[in-house]
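Dear colleague,

I am handing over the structure we spoke about, and my notes on its aromatic pairs and on one helix packing follow below. Please read them with the model open beside you.

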Amino acid sequence: MKLLSLEWTSKGRDIDITEPVLYFLEKFYNFTVIRESIYQFEFKILKYKPDILLIANGVGAPNNFNVVKFAKSLGIKVVTLISEGDYIDNPLGIEAFFWGWNKDKILYEDLHLEWSTKNVNILKKYLKHLNFNKIKVSGATGFDKYKFLSFMDKNTLLDKYNLKSFQKVILIAAWGFDNYFTDYLEKNKQEIVKRFGSLEIVEKIKSNRDPLNEIYKKLIENNPDILFILKYHPGTVDKNETEFKGLLSYKNVLVIHREENIFDLINASDLLVAFESTTALEAWLLNKMSVLVTPNFGDFERSIISQGSPITKTYEELQKYIDEFYQTNKIEDFLKLSDRRKEIIKNIIEFDDGKNHIRAANYIVELANNEITKNKNFKILLTFIIKAIYRGFIIRTKLYKLKYFKKFSQDLWIKNQFDFKERRKIYELYKENLEKFYNKFGIEI
């Protein structure tokens with residue numbers, strides 16, 4: 001059985017979602033797995049002629065959705081997972097989350113794997129027309145790594161960036177504010193309003209950026225003995241429109257965008273601070289404490305993950321928690337939320353036993369063994385091929401530098417984000433640690 005996995009980058013979140021699944025299929029079911037870049041996906045799919053195509057997210061960007069639709073036009077079985085699977089329980093929000101860039105609102109894939117039972121119940125509540133035979137709950141595979149991978153420690157991080165003079169390290173995770181202060185908001189207003197409920201709520205959320213920036217500024221200036229790692233959101237496009245504006249030049253600041261994996265940064269830090277972030281849950285899985293900062297408006301419809309951390313509104317409140325942490329090695333208000341965090345972990349990722357990738361792999365094997373009708377669509381196939389040739393021509397001739405063709409610069413970015421040597425290193429890392437995990441728990445088919 002030949003499986004093709006296509007992703008944007010050679011390391012990071014989506015690779016952490018797919019790689020444990022891929023390795024399990026190779027080891028226990030003798031799948032032939034091909035790990036490739038999503039760049040010029042049409043020719044990759046035609047070249048390898050896979051039996052199954054797997055992607056970490058089928059709706060997160062136009063290319064992701066096009067991969068799914070193109071593969072189905074060839075009669076290939078398609079499996080999609082989810083990069084961000086913490087659904088909000090409202091009809092407009094679930095439309096935006098579930099369909100994303102799938103403007104057809106047709107579930108083309110043959111198997112769609114959800115993070116949690118909570119998600120499926122929300123889908124059944126608002127999207128009743130879906131074919132739920134195609135939707136299964138595997139648990140969130142990207143969180144399995146916290147049960148078997150080893151991560152960078154503080155000393156290694158400080159040594160790597162020549163910052164060994166610091167003993168205290170706090171990670172501040174950014175939110176995607178820049179998307180709402182650029183033309184992205186205007187271009188995608190309808191979808192954004194669906195997600196948050198109204199433009200008024202979006203504006204209230206936006207109102208947090210500048211006071212948040214001021215709080216972080218005071219925190220950095222008043223704690224010169226603490227190294228603050230400012231971690232941009234992976235999807236950040238305009239850094240000048242984030243809550244980190246003007247904070248990059250301080251001597252006690254380390255700025256990270258995509259240079260390091262978030263789990264390494266969490267592990268190397270003492271404490272996580274954020275406005276709103278799934279990384280809070282990841283911090284808990286690494287036995288780290290978290291504090292959220294919401295200066296202006298905290299009662300918008302936010303993830304239940306926010307209920308697992310104490311929430312501050314002012315610099316003084318945040319500083320008090322940080323002082324408490326470094327004086328006592330704990331934050332009492334965080335400890336009081338212990339039972340709630342256990343409920344949240346179950347609610348969001350279903351299982352925290354490191355075996356979600358095994359559940360996902362078993363569903364894929366079940367699909368592989370089932371006969372499905374191969375409805376080839378040569379009209380769609382031809383359309384995609386023509387577009388791919390045109391796109392490749394624009395990039396090779398560097399016409400993307402011209403304003404009219406500027407949109408193709410994103411494809412060039414995709415091309416440059418996938419390094420096969422780096423992808424091989426990630427494979428080797430997972431192989432080594434998964435073998436230990438399987439042996440420890442006696443895992444077989």
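The axes of α10 and of α13, which covers residues 315-328, come within 9 Å and cross at roughly 45 degrees, where axes are lines fitted to C-alpha atoms over the stretch in contact and angles run from 0 to 180 degrees between N-to-C directions. Helices here (H or I, at least four residues) and strands (E, at least two) are DSSP runs numbered from the N terminus. The crossing of α10 with α13 is right-handed, that is, the near helix is turned clockwise from the far one by less than a right angle. On the α10 side the contact (heavy atoms within 4.5 Å) is made by I215, K218, L219 and N222, and on the α13 side by Y315, L318, Q319 and I322.

Please keep in mind that this is a predicted model, in which local features need pLDDT of at least 70 and side-chain atom pairs count only at pLDDT 80 or more, while totals for chains, interfaces and linings use all residues. Residues are numbered from 1 along each chain as its sequence is written, and side-chain values use heavy atoms, with hydrogens and water left out.

Turning to the aromatic residues, a search of the whole structure finds 28 pairs, counted for rings of Phe, Tyr and Trp (its six-membered ring) with centres within 6.5 Å, and called stacked under 30 degrees between planes, edge-to-face over 60 and tilted for the rest. F41 and F70 are edge-to-face, because their ring centres are 6.1 Å apart and their planes stand at 70 degrees. Since F41 lies in helix α2 (residues 41-48) and F70 in helix α3 (residues 62-73), this pair ties together parts that are 29 residues apart in sequence. F41 is buried at a relative accessible area of 1%, and F70 is buried at 0%, where buried means under 20%, exposed over 50% and partly exposed in between (1.4 Å probe, protein chains only).

The pair of Y216 and F244 is tilted, with ring centres 6.2 Å apart and planes at 45 degrees. Y216 belongs to α10 (residues 209-222), whereas F244 sits in the loop between β8 (226-231) and β9 (253-256), 28 residues apart. Y216 is buried at 0% relative accessibility, and F244 is likewise buried at 0%.

With kind regards
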